[in-house]
Amino acid sequence: MTTASAHCSLGVSAHFHESLRNVPSKPESSFVIFRSSGESFGISLNSSSGASVFSKGCVGQLRALPNIGDIFPDKLPTPILDTIESPMHLKNLTHKELKQLADDIRSELSYIRNETQKSVKSSMSVVELTIAIHRVFSAPMDKILWDAGDQTYAHKILTGRRSVMNTLRQKNGVSGYTSRLESEFDPFGAGHGCNSISAGLGMAIARDIKGKRERVVAVISNESIMSGQLYEAMSNAGYLDSDMVVILNDSRQSLHSKLEHAPKPPINMLSSAFSKLQSSKLFRKFREAAKGLTKKIGVGMYEWAAKVDEYARGMIGPPGATLYEELGLYYIGPVDGHNIEDLLCVLNQVASLDSTGPVLVHVVTTEDKETREEKQIGISKLHNQYPYDPDPLPSNRCQTYSDWFGEALTMEAELDKDIMVVLAGSGMGMEPALKLFNNKFPDRLFDVGMAEQHAVTFSAGLSCGGLKPFCIIPSTFLQRAYDQVVHDVDRQKIPVRFVIPGAGLVGSDGPTNAGSFDITYMSCLPNMIVMAPSDEVELVNMVATAACIDDRPVCFRYPRGAIVKSDTSVGHGVPIEIGKGRVLVEGKDIALLGYGSMVQNCLRAQSLLSELGIQVTVADARFCKPLDIKLVRQLCENHSFLITVEEGSIGGFGSHVAQFITLDGKLDGSIKWRPIVLPDNYVEQASPMEQLALAGLTGHHIAATALNLLGRTREALLLMC
């Protein structure tokens, strides 16, 4: 292998050769020729010799499936996509050219993935669907709304943003979600999902009132159908009977939330023909005429005919399909989401109908659809034995707060059989950290998807039944269940343990997924204990603390990102005294009181200031509520200056400190207090360090604030240069 790598000039990287190891024999063979950097080479896969690479007469026995990025170091040509500057250019393409366009877009998405290291799985699944929507409908006049931002990359490519897609989710780059500020082709912002039907229905009603004729299309996903808002919107759409098209992208091959328990929708010639029949104008007119005739005969006949129609359609459609009919949406499907002809036929029929009311088109897709590169090297033949994950996790991934939380909770659950987990709001499946818990206690974890409101009240019910639920909902999604937090948990003083990951700024996900407000909206509740760990060891201790509390609700937050003390290992947590903070470093000139992860930046600021001869006290508040008033008093009495630091909005931890020191009379004396919080605006997508700098929360910013308080303005300015 090494000799072949050294002596054969293949026009590809040495890493390519090293990656081709240990391919077992295959029952079939293939040979493909590639060109790279002007040189030709080939790969032979056969049952006797594994994989061989041939170039300029050299032969080397190579034994693994090659890495796609190494085989194609340069961007592949995309001739059809290169001619598309706006969706209008799709109108004159033939079906063959549209299929070629789908291949081009997948190649483009693959290139974007390699350039940005961002997942494109969901967008890969809807390439043909996106093409068909833009071919049939005329955006931006017609309104196309997407429920999930990660399904919109093909949409962005076709709507004039292709040239800047390499800036996806970067500072000042393309948003990972639809954005009204970014393009006129995005009529409504997609963030947490579940909003497209509600917004689309509002647009449809406004259109009808104003006498306009644009069409409204809302694309929803499997994650969306777990949400109550979606069914509220469907029910209202059925009642109002306004014309709009809802497209369900079923990339799980089922309407069922659990794949292992779910049958696949029948995608075959019969279902395809039936879907086309359902969407046809003649069938719809016949159906409406039959309904009118049975009404004239009598109510009994009408109800009998309606049941026959429902049963007939239910027998051919997938399980659950008749639910949408009951809500008032005319169901069509299932349709093969990768068959351009079928998609165009159905959508053209739907778009041509007048006064049809709301229609739901069920489109079945797959997220592991092959790219052109994968087809070329025969990955489809090897897929079952060599699955190609287009978005693999790095093997050298650093341990995160989430990893430590998962292990700590599993340890607690081993000691306490009453501990349960209710998971909601992810929309992306279970985090790897919680799979450990799920593997050990599969009957004690309930993943309810994007149904945060249900998750909170369900947890309250578990607690009333004598169990200890840990309700895990990311900060940004917990906002959607706030009414339930207030009335179903806090007002009744029910001990639900809220775990709030994704706290603070979240980098490339920008303000859509940022956890900016949870300190404020949780700490204002009368019965809630609110705490935050400064490092992973404190996180483990807070898991143990929450498990011990059985008389009121409690919450704790932790950020995305790597742990602080990488040389430690997870152990059993030690419960912390409620409302008890701690002093980490003692000094006499100025006091820094940090909350949560910002304690680490306070320590960085202390290190910077110590080099300037300034003695700084750094304290870890641990609790926002109840506040450690003894610690705050001590800091105020022993220092002339107090700075509170938190990665949260105005009205959070700093406000609780201000409330206490004001009422306690400390601000009447010599103490000067300054809060450092997130700015009163949404911090846009950027790298985590860039976001902290924009927010003024780095160690340098904290140190500069201290220098300004001490009257050393020039040094503060120099520190920030």
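Colleague: In what order do the five strands of the open sheet come?
Modeller: This is a predicted model, and in it the order is β16-β18-β17-β20-β21, with mixed pairing.

Colleague: What makes β16 and β21 the edge strands?
Modeller: β16 (582–585) and β21 (672–676) each pair on one side only.

Colleague: How do you know that β16 pairs with β18?
Modeller: Pairing takes at least two bridges between the strands. β16 and β18 (residues 616–620) are joined by three bridges, so they count as paired. The two strands run antiparallel. If you want a spot to look at, Arg582 has Asp620 of β18 as its bridge partner.

Colleague: Which helix lies across β16, β17, β18 and β20?
Modeller: That's α25 (residues 598–610), at about 170° to β18.

Colleague: Why are α19 and α21 called roughly parallel?
Modeller: The axes of α19 (residues 452–464) and α21 (residues 482–490) cross at roughly 10°. The cut-off is under 35 degrees, so the pair is roughly parallel. Their axes come within 9 Å.

Colleague: Which residues make that contact?
Modeller: Gln453, Val456, Thr457 and Ala460 on the α19 side, and Gln484, Val485, Asp488 and Val489 on the α21 side. Sorted by class, there are four nonpolar, three polar and one charged.

How values were computed. Residues are numbered from 1 along each chain as its sequence is written. This is a predicted model: local features need pLDDT of at least 70, side-chain atom pairs count only at pLDDT 80 or more; totals for chains, interfaces and linings use all residues. Side-chain values use heavy atoms; hydrogens and water are left out. Axes are lines fitted to C-alpha atoms, for helices over the stretch in contact, and angles run from 0 to 180 degrees between N-to-C directions. Helices (H or I, at least four residues) and strands (E, at least two) are DSSP runs, numbered from the N terminus. Angles under 35 degrees count as roughly parallel, over 145 as roughly antiparallel, 65 to 115 as roughly perpendicular and the rest as oblique. Contact means heavy atoms within 4.5 Å. Ala, Val, Leu, Ile, Met, Phe, Trp, Tyr, Cys and Pro count as nonpolar, Asp, Glu, Lys and Arg as charged, and the others, Gly among them, as polar.
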